[in-house]
Amino acid sequence: MADVKTISGAFTGAYAEHPFTKEPIPVWIGDYVLAGYGTGAVMSVPCGDERDYAFANHFNIPIINIFDGADISEAAFTDKEKTVIGNSDFLNGMNYKKATKRAIFELEKIGQGEGKTNYRLRDAVFSRQRYWGEPFPVYYVKGMPQMIDAAHLPIKLPEVEKYLPTETGEPPLGNATVWAWDTNKNEVVSNHLIDNETIHSLELNTMPGWAGSSWYFNRYMDSTNTDEFASKEAMDYWKDVDLYIGGSEHATGHLLYSRFWQKFLFDKGVVPVDEFAKKLINQGMILGTSAFVYRVVALTSDANDFQKTTNIYVSKSLREEIISEKKQEDNFVFDLAKKELKKSLDEDSYQKLIGIVFNKIHVKVEYVNASDELDIEGLKSDNEFGEDYKDAIFIGEKGEIIEVGNDVYKVGREVEKMSKSKYNVVNPDDIVSDYGADSLRLYEMFLGPLEQYKPWNTAGITGVHNFLKKLWKLYVDDNGLKVSDQAATKDALKTLHKTIKKVQEDIENFSFNTSVSTFMIAVNELTTQKCTSKAVLEPLLVLLSPYAPHIAEELWNQLGNSESISTAAFPEFDASHLVESSKNYPISFNGKMRFTLEFPMDMSKDEIEKTVLAHEKTQEQLAGRTPKKVIVVPGKIVNIVG
């Protein structure tokens, strides 16, 4: 399986009859067809599979082309999406999906096979050698497992001193002193009472996390029921989850099992539906920007011991410069490495040093600033890794060994999965402390579409933070709250209802990033309009509250509302505020715009022309001339020619 370069196999001497053509097909044993996977036998199609193609070529087995218009002279044709079946009787002209269904149908019709769906579950072993997790209600009589009756459940995990395996390799429950089952009393008792007659040892493994997580949503329907996990009445009422949101890893680590369990419970008649959720959205992962230092590793000509690690670290640009020159044996960094290694190598090993390479090592992003400069002293004082860098030599961007203030060390950056192991995790507590929870919430939504992967950049949060400051100034100035009861202007109402419409659509489409953009536009427009009308600013807060609840709640309270903003009704969109009653026309002379005039939308071309020509600015531009032509495009422009 691992050796993909070598092709091996053997002809069995046997033949299988093709179910449709009745022609004999040779049966071979191949190294990549596994006896324990599926049926252990496959119908090889070498023209459409790279491994089959290589196998057939190696053993001179004829390769029949079943694709219309595809060239298989050099390699297999593996583009399923562009597949058109040919040379295949009743399948000719079909794509692979239709051809697959038709082939199964025809095989079932002649009794030569039947369609089947295989479900593959990862991690199918149900027990775990650990302490946490639900205990198995199982005890052992002469080595044979026996179930504890449901009437005596649940059994609870015993207290243990340490959550570690025993010295003999048993799971942590092997450390428990009260973990035996009394079949007379039907209760857990002390281990020293085990007599293997009426008192027996209990199972030491526990169930995996997905034993409970695979059905918890059904339990929510009837969580106080002590007789069953949910009553039929509750499940018939709730049925399923309307919307399930989780990451892609969540899908393979949880949803795979929960769907399997739901289908099993449905088949058993326990639950009313075979899918527990109507809709699933996989949210994109937040990616982190990792930071790397580059450790110098000297190379030797000794094939058995060709790498010698040093305690020297070079800055990003210097590393790139050395690599691009491809003269790793002719630079001062190599000289420095040789000088360091001379202390620890014998003369023979020292003479074999031939050049340098660089090991890329993750460092904590908390020691890197917005300019990618490393806080070397902070790194050296780190509780976890400081000792590793205590005597390290850092060479900066200018090629100087870094001392106080003479040079800077710049790290390499790379976008990766945000993970503790990559030291690129951003602590949300720090972000909340510096910028507030609303800035964090808004920035996460603003990063991009919900379902896409999104790289985190702490420097980018300042833009969202500044937006919230601008929002605050719309309501409050140095003298306090400036919101008034004056009537809203036409422009302010247009901005509000344009925002209501867009945000409502965005919420329904889970397009939260474009909602944040819409709020920014609205606040900019209302600031320009100098809007202070409560009729506009109050409903705007309600729109904003799911996105930035803390600042919205505070301003809502300052507006004199005693109830929480979360109880306020969502603003209703009124399309009439978006209908244009007038148009600002650009007035051009020989194609060059000179000024603008506003006219009602229903004003006729003749009236517009007459009004424009009579205007003093037009008379000024014409300077007594009579124009050759006046072009009026209703709702757009006026152009005076001549």
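Predicted model: local features only at pLDDT ≥ 70, side-chain atom pairs only at ≥ 80, totals over all residues.
Reader: Is Glu416 buried or exposed here?
Author: Glu416 counts as buried, because its relative accessibility is 16%. The cut-offs are under 20% relative accessible area for buried and over 50% for exposed, with partly exposed in between, using a 1.4 Å probe and protein chains only.

Reader: What does Glu416 form a salt bridge with?
Author: Lys422 is the partner, and the closest N and O atoms are 3.9 Å apart. A salt bridge here is a side-chain nitrogen of Lys or Arg within 4 Å of a carboxyl oxygen of Asp or Glu. Lys422 itself is partly exposed, with a relative accessible area of 23%.

Reader: OK. How many salt bridges does the structure hold?
Author: 20. One of them joins the side chains of Lys278 and Asp242, at 3.2 Å from N to O. Lys278 sits in the loop between helix H6 (248-267) and strand E9 (280-283), and Asp242 in the loop between helix H5 (232-238) and strand E8 (244-247), so the pair ties together parts that are 36 residues apart in sequence. Helices and strands are DSSP runs numbered from the N terminus: H or I with at least four residues for helices, E with at least two for strands.

Reader: Is Lys278 buried or exposed? And Asp242, buried or exposed?
Author: Lys278 counts as exposed because it has 57% relative accessibility. Asp242 counts as exposed too, at 56%.

Reader: What does Lys364 meet in a salt bridge?
Author: The side chain of Glu384, at 3.2 Å from N to O. That pair links distant parts of the chain, 20 residues apart: Lys364 is in the loop between strand E12 (353-363) and helix H10 (376-380), and Glu384 is in the loop between H10 and strand E13 (393-395). Lys364 is buried, with a relative accessible area of 15%.

Reader: Which residue in the E3 and E4 turn has a positive phi?
Author: Lys142, at about 50°, in a hairpin with 2 residues between the strands. E3 (residues 138-141) and E4 (residues 144-147) are antiparallel and share 4 bridges, with Met144 in E4 as the bridge partner of Val141.

Reader: And how many residues lie between the strands in the hairpin of E1 and E2?
Author: 6, and Lys22 takes a positive phi near 70° there. Strand E1 (residues 9-17) and strand E2 (residues 24-30) run antiparallel and are joined by 6 bridges. Pro26 in E2 is the bridge partner of Tyr15.

Reader: What's the strand order in the open sheet of 3 strands?
Author: E6-E5-E7, with antiparallel pairing. Strands E6 (187-189) and E7 (199-201) stand at the edges with a single partner strand each, so one side of each is left without a neighbour in the sheet. E5 (residues 180-182) is joined to E7 by 3 bridges, and in E7 the bridge partner of Asp182 is Ile199.

Reader: Last one, the whole protein. How many helices and strands are there?
Author: 19 helices and 21 strands. The radius of gyration is 37 Å, well over the 26 Å that the globule rule gives for 642 residues, so the protein is more spread out than a compact globule. That radius is taken over C-alpha atoms, and the rule is 2.2 Å times the number of residues to the power 0.38. Along its principal axes the C-alpha trace spans about 110 × 80 × 70 Å.

Reader: What share of the residues count as buried?
Author: 34% of the 642 residues.

Notes: Residues numbered from 1 in each chain as written. Heavy atoms only, no water. Pairing = 2+ DSSP bridges.
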